[in-house]
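Trainee: I am new to this structure and would like to learn how to read it. Could you take me through it step by step?
Mentor: Gladly, let us look together.

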Amino acid sequence: EVGHRWVAFIPLLWESDPYVLLCQRSLAHWNLFAGFDAPSPVGLNQQWTRPNGDGSFTSEYVTPVAFTSLDLYAMGMIPPGDVPPFFFVRNAYAFSPPNDPYGDPWNADSPVVTSVDFSGERMDVTIDQIVGTLGPRTPPFGSAQTHFRHAFVLVVPPGEPVHVDSIVWVDAMRLMWENFFPASTRGFGSVDTRLQ
């Protein structure tokens, strides 16, 4: 969940729904109607939404993921001047495949969907609008923490044996995270998972 502490909580206070960028079910992930410069790991199911140039949009599952410039600004890793404009789609319609009642084609109860097409009104947003309404990030770029220490802990029920396979799996996840975090932050962030 690294990243959620900073990102996916940027409201657009000038909108009637300030949380228009967020998945309406959880208000904790970018929704598929938000289009950024990268497929964010904070996005709903790793989707990346792009305009098709004809008033329609495609949101599709993408791997690998990387934090968007807006994410990196919110995390204190880049200055606001390095955040390009992004967009969201207002009043989306004409979903293919059809969306569920929540407006979320990736409903956990629905079949797996890797691509969704839809239409709607594109609304562009700039970092100046965000800083102008929310104020600058504190602490600002240059003073914000970018190197982190994370511990990976294996929890087992009391009295249960610890299986070697579980230890090997946790250690593999730990090593994967040490590589993923710098790559997904474009080298602006780093993490140390050593216990000593």
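Trainee: In which sense do β4 and strand β5 pair, and over how many bridges?
Mentor: A strand here is a DSSP run of E with at least two residues, a helix is a run of H or I with at least four, and both are numbered from the N terminus. Two strands pair if DSSP finds at least two bridges between them. Here β4 and β5 (residues 115-125) pair in the antiparallel sense over seven bridges. Within this pairing, Arg90 stands opposite Glu121 of β5.

Before we go on, a word on the source: this is a predicted model, in which local features need pLDDT of at least 70 and side-chain atom pairs count only at pLDDT 80 or more, while totals for chains, interfaces and linings use all residues. Residues are numbered from 1 along each chain as its sequence is written, and side-chain values use heavy atoms, with hydrogens and water left out.

Trainee: Which strand pairs with strand β1?
Mentor: Strand β1 (residues 34-35) pairs with β4 (residues 86-96), in the antiparallel sense and over two bridges. Ala34 has Phe88 of β4 as its bridge partner.

Trainee: How many helices and strands are there in the chain?
Mentor: The chain has three helices and seven strands. From the N terminus on, their order is β-β-β-α-β-β-α-β-α-β.

Trainee: What is the phi of Asn91?
Mentor: In a regular strand the side chains alternate between the two faces of the sheet. As for your residue, Asn91 lies in strand β4 and has a positive phi of about 55 degrees, although it is not a glycine. Ala94, also found in strand β4, has a positive phi near 55 degrees and is likewise a residue other than glycine.

Trainee: Is Asn91 buried or exposed?
Mentor: Buried means under 20% relative accessible area, exposed means over 50%, and partly exposed is in between (1.4 Å probe, protein chains only). Asn91 counts as exposed because its relative accessibility is 59%. For the chain as a whole, buried residues make up 42% of the 196 residues.

Trainee: Why does Ser69 count as buried?
Mentor: Ser69 is buried because its relative accessible area is 3%. This residue lies in helix α1 (residues 69-74).

Trainee: Which residues does Ser69 touch?
Mentor: Contact means heavy atoms within 4.5 Å. Leaving aside residues up to four places away in sequence, Ser69 touches Asp37, Ile78, Asp82, Val83, Pro84 and Arg186. A polar contact is a pair of N or O atoms within 3.5 Å; within protein, one must be able to donate a hydrogen and the other to accept it, and residues adjacent in sequence count only if both atoms are side-chain atoms. The side chains of Ser69 and Asp37 are joined by such a contact, at 2.5 Å.

Trainee: Where do I find a cis peptide bond?
Mentor: Look at the value of omega: Thr63 and Pro64 are joined by a cis peptide bond, with omega about 0 degrees. Pro64 has its place in the loop between β3 (56-61) and α1. Another cis peptide bond joins Thr138 and Pro139, where omega is about -5 degrees. Pro139 is in the loop between α2 (127-134) and β6 (147-149).
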